[in-house]
Amino acid sequence: MRHPNSKDPISLLENRVGERWAAINRARKNAIDTKKAIEKALKGLSSTDASIVVFGSLARKEWTKKSDVDWTLLIDGQADPEHLRVAQDVGQRLRKAKFNPPGTTGIFGNMTFSHDLVQKIGGREDTNENTTRRVLLLQESATFGKSDAYERVVRLLLSRYLKDDYGLRFGSLQYKVPRFLLNDIVRYWRTVTVDFVDKQRGQAGQGWGLRNAKLRMSRKLIFATGMLSCFSCHLLSSPDVRRELTKLHSTVAMEEHLREFTLKTPLEILAAFLLELDIDKRTAVKLFSAYNSFLKLINDESKRERLKKLLPEEIRGDAVFKEVRGYSHQFQDGLTELFFKRHKELQQLTIFYGVF
Amino acid sequence: MRPIGFSTGALAYSDFRRGLAMLRHKSIHAVELSALREAELAPLIEAIDSLDLSQFAYISVHAPSKYGKEVESRIVNLLRTVSARKWPIILHPETVHDFSVWQSFRGLLLIENMDKRNQTGRTARELELIFAKLPQAGLCFDLGHCRQVDPTMNEAFLILREFGGKLGQLHVSEVNTRSTHDPLSGSSIGAFEKIAHLIPTNVPVILESPVSEADIQVEIDHARKALPVPTSNGNRKREGRTLHTAAI
């Protein structure tokens, strides 16, 4: 099975293109150190029925100064009133250890129940919060302490997305791409972009600049790598995995293939694809240097603060916004090249699954 | 038809004689003599010669699931009576203090995959580490444990793909959220059915479901539903309906 390279794909990519992305490497190192500190602070709180899961920059290994800790207590087991106390304990211990609490949306910083995630994919009861938690669990999450519940739920989600995808299992298409999963990833991205405007209205522009920068970069990154993960089923899975699917209609091996991707960060997935598909060096540099510059900017407290306070009506002529917009345009150009210009089969998949 | 029997410990807690009595005069030809608690092993071994086990074509013994390092050699010595009769010995890997003392049982030793409470022996990857230390040992595949660790049953598929050749016995029951055994339910039957076609029909099935004597046959019928026998055309026959192989 051709999984994303078992060695660190970002280092391999740096070596291949002859560049060093200092801000990315610093953010990754800081994330690992921060994770250790949080692990220590939360010791003893997780159980086989309840995993402490983090999302956002910590899970993506893009930890910068002032990053929040977006966490949830993921419960997959017998109902227990004590779970609430454990969740409260997680919040208190993180505050005591001086970590920034999650935002005020209510999506993080509380309890998440596996049944909603697994049973309500689509339909009336699949709320915005449920979709967000579910998709982020697959795209940018990590766990502390006992990971049993987390691992079970990730497997169950992948199983639902692939086993319920009759087109994937029984269809005659030459492409083997999990469309049900891909559509949910696309839906989530579109939801984020629509909610951005809703928040702009509801919060009277508060935090607009920072949210806009994240939308252009980190949110877009996870959308792109979510698509790549789905396309990997066709492009990077081994012939055995695809044979199991086409001959036996079994998705087990494909689920395991995708599970390996859930263990990687979005930047690692992007780097792995650039390496595996032997994408033009200039595109790789464009993407990673843009992201590196973005992380450097976000790590600069004064610039981050400026973005946080920036209102939509103030963007014209604002130097920090102009800077981040420049990086986002470079990043967008890189993505357009990757998905549409540098690899024939990836281009075909993008048109086939991404457009119609 | 798969050989299906019971663990004496499931039928009668800590009382193998009563468990055997509950199976007597029934068309059940497989049994696991349970000595899950350390104190149960010596009395069981002492009683073996006097037990009427003539109805059983398959007999195994479950070794204690918890004991101190200082008694490990004594337990191994007691179990030599079992191996001398060529009966398989079921062992929880996390109980082992010194793997080398268990090696002499060779293929008669069946390592059981564990439930979520344990930190070892739960997955194909974790079992690989155990079998590296006991290369000749076989596998007692506990479907309930495996489903508790991974309800998708993908891990079961991976374990069978990796260690199917070592398969010596099955443990079947529903393992609930408190990690105790229950009778099979509709959902566990459905889950086990997904991988039944990967299990050879001659592998003995030992039920660990705690049931009353009156419900023994009901539970066996449920086990037959959960583990349908593949037909010659590759499909699986179950109670009048044919299932396609691609359930997983």
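1. Contact between the chains. In this predicted model, 15 residues of chain A are in contact with 12 residues of chain B. On the side of chain A that touches chain B, two elements give two or more residues each: α7 (148–163) and α12 (252–262) of chain A. Of the elements there, α7(A) gives the most, with five residues. By class, this side of chain A has three nonpolar, six polar and six charged residues.

2. The barrel of chain B. Eight strands of chain B close into a barrel, and their pairing is parallel. The order of the strands is β1-β2-β3-β4-β5-β6-β7-β10. From one strand to the next, the twist averages 30°.

3. One strand pair in detail. Within chain B, strand β2 (residues 30–34) pairs with strand β3 (residues 58–62) in the parallel sense, over five bridges. As for individual positions, S34(B) stands opposite H62(B) in β3(B).

4. The nonpolar core. The largest nonpolar core has 153 residues. Y291(A) and I89(B) are the residues with the most contacts inside this core. Helix α10 (residues 208–235) of chain A supplies the largest share of the core, 12 residues.

5. Surroundings of I89(B). Which residues are in contact with I89(B), leaving aside its neighbours within four places in sequence? They are V61(B), A63(B), L79(B), V82(B), S83(B), F105(B), L108(B), L109(B) and L110(B). One of these, V61(B), falls within the residues 58–62 of strand β3 of chain B.

Methods. Residues numbered from 1 in each chain as written. Chains lettered and ligands numbered in written order. Predicted model: local features only at pLDDT ≥ 70, side-chain atom pairs only at ≥ 80, totals over all residues. Contact = placed C-beta atoms within 7 Å. Helix = DSSP H or I, 4+ residues; strand = E, 2+ residues; numbered from the N terminus. Nonpolar A, V, L, I, M, F, W, Y, C, P; charged D, E, K, R; others polar. Core = buried A, V, L, I, M, F, W, Y, C linked by C-beta atoms within 7 Å. Buried ≥ 20, exposed ≤ 12 C-beta atoms within 10 Å, placed from the backbone. Pairing = 2+ DSSP bridges. Axes fitted to C-alpha atoms, helices over the stretch in contact; angles between N-to-C directions.
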